[in-house]
Amino acid sequence: EISEMSERSKQNVAHGLAWSYYVGYLKIVLPRIKKSMEEFSSNNPNLLAWRKTWKLHILIPLSCDVYDDLEKADSNIHYLTDLTETTLPRAGTKKRVYKHSLYAIRDEENQLWHCAVEYATPLQSLYAMSQDECAAFSREERLEQAKLFYRTLEEILKGSRECAGTYRLVAYEESGEAETHFLSREILWHLRQQHHEEFPVQEETPLHAPSTTLDSAQLSLQISVSDLPQPLRSDGF
């Protein structure tokens, strides 16, 4: 009965996507990310100067608007190279390849910051469902599911010992106005925050998150379990 109610209200969609993303991908690649960054840094010591940023930065736009090419999303983001790939047998594929791309992010002062960054791919599924009549997924439901996906993924990763210190979730809501360098600004805020964590400066003004960057408190969800489908509510939205 609970399963049927959850199915009708679509509460299980984001939850299932988050777990699948973790078990089928993040749990495999994240424990290996620091080794890949270390190997790259040993050959390019000037590019990855700050160990605090040796993580996979996972972009989570609540609109589910995912670009296949980050350079087209923002001209201040430039592809640099791929990190060392991992090859494993997986679900019948003898040599399944897992790899991450390293990018250079140009800031307002024309300085370059380097990091591994990619979108959370399950968001593409949420977006596709909202475009498919068979899924009967409205834009509002997509937003609710994106929030639930983020909160579920965050809780899963917090409880994962293997993935501790290997990732950075970059959840954000795009502003209504067109901003040419919106995405690079979001990534830069997270990189700067990590830099300050590694090299704290007492006299410096504390960093403040841009208004579009979201934290857990803003995405705390209340899920209804009534017989009728109910919207997922979150403070601040």
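How many aromatic pairs does the structure hold? The structure, a predicted model, holds seven aromatic pairs.

**Aromatic pairs**

One of these pairs is formed by W50 and W113, with ring centres 5.1 Å apart and an angle of 50 degrees between the planes, a tilted arrangement. The pair joins distant parts of the chain: W50 sits in the loop between α2 and β1 (56-61), W113 sits in strand β6, and 63 residues separate them. W113, at 11% relative accessibility, counts as buried.

A further pair is made by Y79 and Y103, whose ring centres lie 5.9 Å apart. Their planes meet at 75 degrees, so the pair is edge-to-face. This pair also links distant parts of the chain, with Y79 in strand β2 (residues 77-82) and Y103 in strand β5, 24 residues apart. Y79 has a relative accessibility of 38% and counts as partly exposed, whereas Y103, at 10%, counts as buried.

Beyond these pairs, Y21, Y25, Y98 and F149 form one aromatic cluster.

The relative accessibility of the four residues in the two pairs is set out below.

| Residue | Relative accessibility | Class |
|---|---|---|
| W113 | 11% | buried |
| Y79 | 38% | partly exposed |
| Y103 | 10% | buried |

**D107 and its surroundings**

W113 is also one of the residues touched by D107; the others are L188 and R192, leaving out residues up to four places away in sequence. D107 lies in the loop that runs between β5 (101-106) and β6 (112-119). Is D107 buried or exposed? Its relative accessible area is 8%, so D107 is buried, the limit being under 20%.

The side chain of D107 makes polar contacts with backbone nitrogens. One is with E109, whose backbone nitrogen is reached at 2.9 Å. Another is with Q111, whose backbone nitrogen lies 2.7 Å from a polar atom of the D107 side chain.

**T87 in strand β3**

T87 belongs to strand β3 (residues 86-90). With a relative accessible area of 38%, T87 is partly exposed. Which residues does T87 touch, not counting those up to four places away in sequence? They are K95, R96 and V97. T87 and Y98 are 11 residues apart in sequence, and their C-alpha atoms are 6.3 Å apart in space. Y98 is a member of the aromatic cluster described above and is also among the residues that line the largest cavity.

**The cavity**

Rolling a probe the size of a water molecule over the atoms shows where empty space is left. Searching the whole structure gives one cavity of 30 Å³ or more. The largest cavity holds about 50 Å³ of space. Its lining consists of V29, R32, I33, S36, T84, T86, Y98, K99 and H100. Which element gives the most to this lining? Helix α2 (residues 12-43) does, with four residues. Sorted by class, the lining has three nonpolar, four polar and two charged residues.

Notes:
Residues are numbered from 1 along each chain as its sequence is written. This is a predicted model: local features need pLDDT of at least 70, side-chain atom pairs count only at pLDDT 80 or more; totals for chains, interfaces and linings use all residues. Side-chain values use heavy atoms; hydrogens and water are left out. Helices (H or I, at least four residues) and strands (E, at least two) are DSSP runs, numbered from the N terminus. Buried means under 20% relative accessible area, exposed over 50%, partly exposed in between (1.4 Å probe, protein chains only). A polar contact is a pair of N or O atoms within 3.5 Å; within protein, one must be able to donate a hydrogen and the other to accept it, and residues adjacent in sequence count only if both atoms are side-chain atoms. Contact means heavy atoms within 4.5 Å. On a 1 Å grid over the protein atoms alone, a cavity is a set of points where a 1.4 Å probe fits but cannot get out, and a pocket is an open set with protein on both sides within 12 Å along at least five of seven lines; lining residues have an atom within 4 Å of a point. Grid points are joined across faces, edges and corners, and a volume is the space filled by probe spheres set on the points. Ala, Val, Leu, Ile, Met, Phe, Trp, Tyr, Cys and Pro count as nonpolar, Asp, Glu, Lys and Arg as charged, and the others, Gly among them, as polar. Rings of Phe, Tyr and Trp (its six-membered ring) pair if their centres lie within 6.5 Å; planes under 30 degrees apart count as stacked, over 60 as edge-to-face and the rest as tilted.
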